[in-house]
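Look through the structure below.

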Amino acid sequence: MSVVAEFTIPADGFALEHTFEAVPDATVEIERLATHSREWVMPFLWATSDDLEAVERALEDDPDVDGVRTLNVADGIGYFNVHWSERIQELIDLIVDQRGIMQEAEAKNGRWYLKLKFVDRTVLEEFQAHFRERDYTFELQRLHQGVEPKERRYDLTPGQQEVLTIAQEMGYFEVPRETQIEELAAELDISTNSVSQRLRRATDNLVRNSLTVSPPKGMSESVSE
């Protein structure tokens, strides 16, 4: 049976160490695409920060990035098209070659959170052994069967499920509202921009996965926090 492994790895062992050193409050999330081209496995990223111009400058100067283009900036959230360096491309190749299917990739405080799916536990163990021999510090945090928990049926990440649950419990969806976004941010100990982002994208995932029969032709699904 397939298994899903959740790993953490420091930025200096994966990607964007310079960016997180330059902008410590930055939160980054990779938008993964299903593709056979190595350059289009992780071509887009979302970033939140109090200074998105600093994030853009940091990405431009980051040795892990060969090129970056700002696609959109609004409400403290930036959307960037990134061309990764050869080192990162080779790391992506290694993960793919070891039969790891990237489901989620996000980072904050200089540490990446990765969720990878494997066809069975043997393949996972081979993956771990392969990277251990090469001194990559993938730390296994959680392991569960590939049959996803209920919230994943709607493509909700743990962060999205948490913000929806807290918002409902605190009366954010009541009419009139019983709480404001600032109170949700204080309860979750994250910025108001992050709360807004998670609420909007969680709602989009719920609608897309519960009311939409299938994605538009030619579109591939992505995983977001």
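The largest nonpolar core has 41 residues, of which Phe7, Leu16, Leu45, Trp84, Trp112, Leu114 and Phe118 touch the most other members. Helix H2 (residues 52-61) gives this core its largest share, 5 residues. A second, separate core has 14 residues, including Ile166, Ala167, Leu184 and Ala202. A nonpolar core is a set of buried Ala, Val, Leu, Ile, Met, Phe, Trp, Tyr and Cys residues joined through side-chain atoms within 4.5 Å; buried means under 20% relative accessible area, exposed over 50%, and partly exposed in between (1.4 Å probe, protein chains only). Of the protein's 225 residues, 48% count as buried.

The model is predicted: local features need pLDDT of at least 70, side-chain atom pairs count only at pLDDT 80 or more, and totals for chains, interfaces and linings use all residues. Residues are numbered from 1 along each chain as its sequence is written, and side-chain values use heavy atoms, with hydrogens and water left out.

The protein has 7 helices and 8 strands; these are DSSP runs (helices H or I, at least four residues; strands E, at least two), numbered from the N terminus.

Ring pairs link Phe7, Phe118, Phe127, Phe131, Tyr136 and Phe138 into a cluster. Rings of Phe, Tyr and Trp (its six-membered ring) pair if their centres lie within 6.5 Å; planes under 30 degrees apart count as stacked, over 60 as edge-to-face and the rest as tilted. The whole structure holds 13 aromatic pairs. One of them joins Phe131 and Tyr136 edge-to-face, at 5.4 Å centre to centre with 80° between the planes. Phe131 is buried at 1% relative accessibility, whereas Tyr136 is partly exposed at 23%.
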